[in-house]
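Colleague: I would like to go through this model with you. Please show it first, and then I will ask.

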Protein chains: 2
Amino acid sequence: MSQHIPTRLYLSENELPTSWYNLRADMKEKPAPMLHPGTLKPVVSDDLAPVFCMGCIEQELDETSREIPIPDALMGFYRSFRPAPLIRANFLEKALGTPAEIYYKFEGTNTSGSHKLNSAAAQAFYAKQEGMTSLTTETGAGQWGSALSMACAFYDIKLTVFMVKVSSQQKPYRKALMETYGAKVIASPSDTTESGRKILADFPDTGGSLGCAISEAIELAVKTPNCRYVLGSVLNHVLLHQSIIGQEVKAAFDKYGVKPDVIIGCAGGGSNLGGLIAPFMGAKLRGEADYRFIAVEPASCPSFTRGKYAYDFGDTAKTTPLMKMCTLGNGYMPPPNHAGGLRYHGMNSTLSKLYKDGLLEVRTAVQNEVFDAAARFAKSEGILPAPESSHAIKAAIDEALECKKTGEKKVILFGLSGTGYFDMSAYQSYNQGTLTDHVPADEELEKGFASLPNIAR
Amino acid sequence: MSQHIPTRLYLSENELPTSWYNLRADMKEKPAPMLHPGTLKPVVSDDLAPVFCMGCIEQELDETSREIPIPDALMGFYRSFRPAPLIRANFLEKALGTPAEIYYKFEGTNTSGSHKLNSAAAQAFYAKQEGMTSLTTETGAGQWGSALSMACAFYDIKLTVFMVKVSSQQKPYRKALMETYGAKVIASPSDTTESGRKILADFPDTGGSLGCAISEAIELAVKTPNCRYVLGSVLNHVLLHQSIIGQEVKAAFDKYGVKPDVIIGCAGGGSNLGGLIAPFMGAKLRGEADYRFIAVEPASCPSFTRGKYAYDFGDTAKTTPLMKMCTLGNGYMPPPNHAGGLRYHGMNSTLSKLYKDGLLEVRTAVQNEVFDAAARFAKSEGILPAPESSHAIKAAIDEALECKKTGEKKVILFGLSGTGYFDMSAYQSYNQGTLTDHVPADEELEKGFASLPNIAR
């Protein structure tokens with residue numbers, strides 16, 4: 001290949017993707033449908049209408065449109081923070097002494113510090129278009145809440161964020177950030193909702209969970225006029241919005257003539273992973289190209305590798321539709337020493353299906369080895385990564401070191417989904433050697449499985 | 001002009017500037033020279049050699065070379081975080097309803113969160129090249145210390161950072177960030193140096209100052225073998241390194257056919273302001289184009305507008321060469337309610353000279369109006385700005401609102417020198433309405449002036 005490949009693989013504004021890519025359209029066997037928890041029949045848009053915006057519902061239920069145009073007005077917002085940089089990790093390669101080429105897509109240059117803004121912008125756009133005046137949501141580590149706060153400030157929509165209590169204690173500055181953008185932040189479980197009060201009564205000392213915060217956010221949304229609930233991961237319309245990540249990478253790789261061999265993403269609810277791999281997985285499903293895909297999840301919240309592939313609720317109060325996914329059970333709570341995000345009990349249904357179909361490799365990592373990878377990356381590439389993203393870094397380094405052994409010149413792509421600037425208390429613990437690892441015993445997982453609905457058993 | 005101007009004015013890698021621009025070469029009357037404090041004669045490189053790296057000394061004393069090539073090896077490091085985005089503030093313009101065009105150069109996408117990495121990378125590069133194994137420095141709000149920690153990790157150099165005590169208390173996460181990159185961080189004044197112990201004896205309750213931290217850092221550097229001291233602002237070689245900011249802007253504006261009318265930067269020691277305006281001021285001095293330049297400084301640390309234009313020391317212990325600058329006196333300490341950076345007592349000698357020659361307008365702002373501007377910017381443009389940079393935003397908004405009154409379609413450029421991600425305690429105070437303004441009375445300034453050396457009186 002004669003073309004010089006720069007350190008940063010630029011896309012100009014007119015090369016930005018103008019539609020999202022819907023991976024399900026290229027799957028011969030579709031992911032199992034969402035079920036209504038009462039009737040156990042596939043949900044229709046009317047079932048979801050009291051909770052979600054209609055623009056999102058249509059996308060959630062659309063399994064056949066391959067390309068879904070990004071509205072022009074939203075493209076203007078996207079252009080304020082996209083394209084995200086695609087960077088050749090020259091210095092990491094050199095530090096590792098690997099013959100592999102490593103590239104990373106860096107989604108952390110916007111203030112929310114992560115890829116989450118891609119879907120927050122879209123969901124706030126639809127809410128505004130449909131005349132909503134307020135939104136509710138949950139946030140764990142705070143990336144999603146920050147992103148949605150920014151999007152709601154942009155569209156002048158009121159926002160209430162239920163923040164997992166342990167995170168709100170660990171990360172007071174995430175709260176301050178959301179408040180600066182005008183959001184109201186409530187530690188969850190709270191006494192402001194019925195589901196919150198119930199959980200507090202049962203578990204007065206709980207640090208909270210995403211599933212619990214979701215229950216509170218949905219409850220408030222359905223009780224409030226012109227208000228809807230929005231979710232930052234897990235659902236298929238969120239993955240659709242995040243497909244902009246992979247599409248930008250693919251456009252840039254195609255422009256510069258690069259073909260990745262291995263594509264690696266961290267996995268919590270699946271939004272970053274799903275967005276990054278979407279167009280590449282699509283090409284693979286259509287038989288146009290071959291790639292290896294690796295998902296990396298925390299050993300302390302291993303929904304892919306140790307979860308059941310079963311119908312489960314999205315929230316602890318069991319109010320959402322049922323989704324077939326790799327799940328630890330809606331009642332699962334990650335151990336309290338779990339420092340970063342990636343703490344959701346279940347995995348997006350499309351990704352779960354791809355995993356079960358053998359199209360996706362999955363690895364786990366404990367947090368100290370994840371922070372080791374993070375510090376190594378930071379010292380050579382400069383960027384301080386989010387603990388979440390560092391799961392992907394860990395696997396990328398392992399792949400590159402494997403290439404060093406074998407002499408293979410593989411092209412490795414990973415998703416650097418965000419920055420760790422609001423995770424300094426975790427880095428502090430890591431620096432001080434007080435971060436501990438915890439791999440749940442089977443008995444601990446059994447408690448989570450006990451919360452699965454009957455249909456799953 | 002027929003060309004479409006995108007929201008982001010891209011430069012491709014081969015359009016990156018490959019040399020720094022030395023503004024002094026185009027000044028007919030040069031800034032007053034640095035003087036040796038003993039002989040009161042202009043310093044020569046031998047005077048500076050025990051303290052600074054030789055590569056920096058040569059640049060500091062060079063008033064005639066217009067273009068100074070950026071070493072190839074350093075360009076590799078620069079390419080890992082440059083070019084910095086140059087963004088059209090479409091949404092801010094709309095929110096203000098102004099006919100003006102507003103552009104900002106965003107230096108905050110690297111982990112240090114500011115432009116400081118431009119000089120940190122260069123200074124660490126020269127230190128490595130000259131066989132140094134360790135460096136010392138000071139940091140106030142923490143941007144410079146973070147940047148130098150990153151650069152020292154990159155070049156595998158040990159680093160000790162003396163951090164102004166009040167900042168290290170307000171910003172524990174800045175400390176954790178520097179430690180993650182391997183730096184040793186000491187709150188200043190400390191009992192680890194003679195100058196620190198002396199200040200502690202005289203002012204046991206002091207929150208410290210940059211001048212004091214500089215004294216400690218220099219003392220440690222000259223006592224340690226293969227160690228040098230590096231400074232993040234004020235000096236002319238630092239402004240030289242920062243000229244990359246303005247050169248990128250100028251290259252992008254030239255590419256897209258944009259000509260700014262007003263160029264605005266915040267001003268502390270002058271590194272961001274000097275770097276942003278350099279090539280434009282050069283063009284003005286050469287009679288090739290005309291621009292207005294506006295510096296914005298905090299009302300609580302007003303070296304330009306209320307300082308004396310006089311020879312002064314760079315540090316409290318009076319160990320540095322004398323520099324002719326706008327200064328509040330090396331003993332000046334900003335009021336304790338001062339939340340952000342921009343707390344240095346003096347202003348770079350070149351900028352001081354340009355101000356005295358009438359080439360630079362200067363405004364002051366109190367911190368609540370600065371945070372008002374910051375929040376307004378964040379809500380429309382998405383990015384949460386550093387309190388420092390928000391001084392420039394304040395003036396840019398004022399200029400744009402003036403255009404709204406007059407109907408003028410001015411092109412306004414400002415430097416968004418960094419992000420506020422590590423300033424959330426200040427934002428928290430602002431959100432809660434507890435941030436207070438303080439404009440020092442003349443008597444408060446007199447105390448600072450009392451510390452000026454005799455030569456200044």
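Colleague: Is F81(A) buried or exposed?

Modeller: This is a predicted model, in which local features need pLDDT of at least 70, side-chain atom pairs count only at pLDDT 80 or more, and totals for chains, interfaces and linings use all residues. Residues are numbered from 1 along each chain as its sequence is written, chains are lettered from A and ligands numbered from 1 in the order in which they are written, and side-chain values use heavy atoms, with hydrogens and water left out. Buried means under 20% relative accessible area, exposed over 50%, and partly exposed in between, with a 1.4 Å probe and protein chains only. F81(A) has a relative accessible area of 7%, so the residue counts as buried.

Colleague: Which kind of aromatic pair do Y78(A) and F81(A) form?

Modeller: Rings of Phe, Tyr and Trp (its six-membered ring) pair if their centres lie within 6.5 Å; planes under 30 degrees apart count as stacked, over 60 as edge-to-face and the rest as tilted. By this rule there are 40 aromatic pairs over all chains. For Y78(A) and F81(A), the centres are 5.9 Å apart and the planes make 80°, so by the cut-offs the pair is edge-to-face.

Colleague: Which residue of chain B belongs to the cluster that ring pairs make with F77(A) and Y78(A)?

Modeller: The cluster also includes F81(A), F125(A), Y126(A), F154(A) and Y155(A). From chain B, it takes in F91(B).

Colleague: In strand 14 of chain B, what is the bridge partner of E101(B)?

Modeller: Strands (E, at least two residues) are DSSP runs, numbered from the N terminus, and two strands pair if DSSP finds at least two bridges between them. Strand 4 (residues 101-106) of chain B pairs with strand 14 (residues 411-416) of chain B in the parallel sense over six bridges. In strand 14, the partner of E101(B) is V411(B).

Definitions and conventions: Helices (H or I, at least four residues) and strands (E, at least two) are DSSP runs, numbered from the N terminus.
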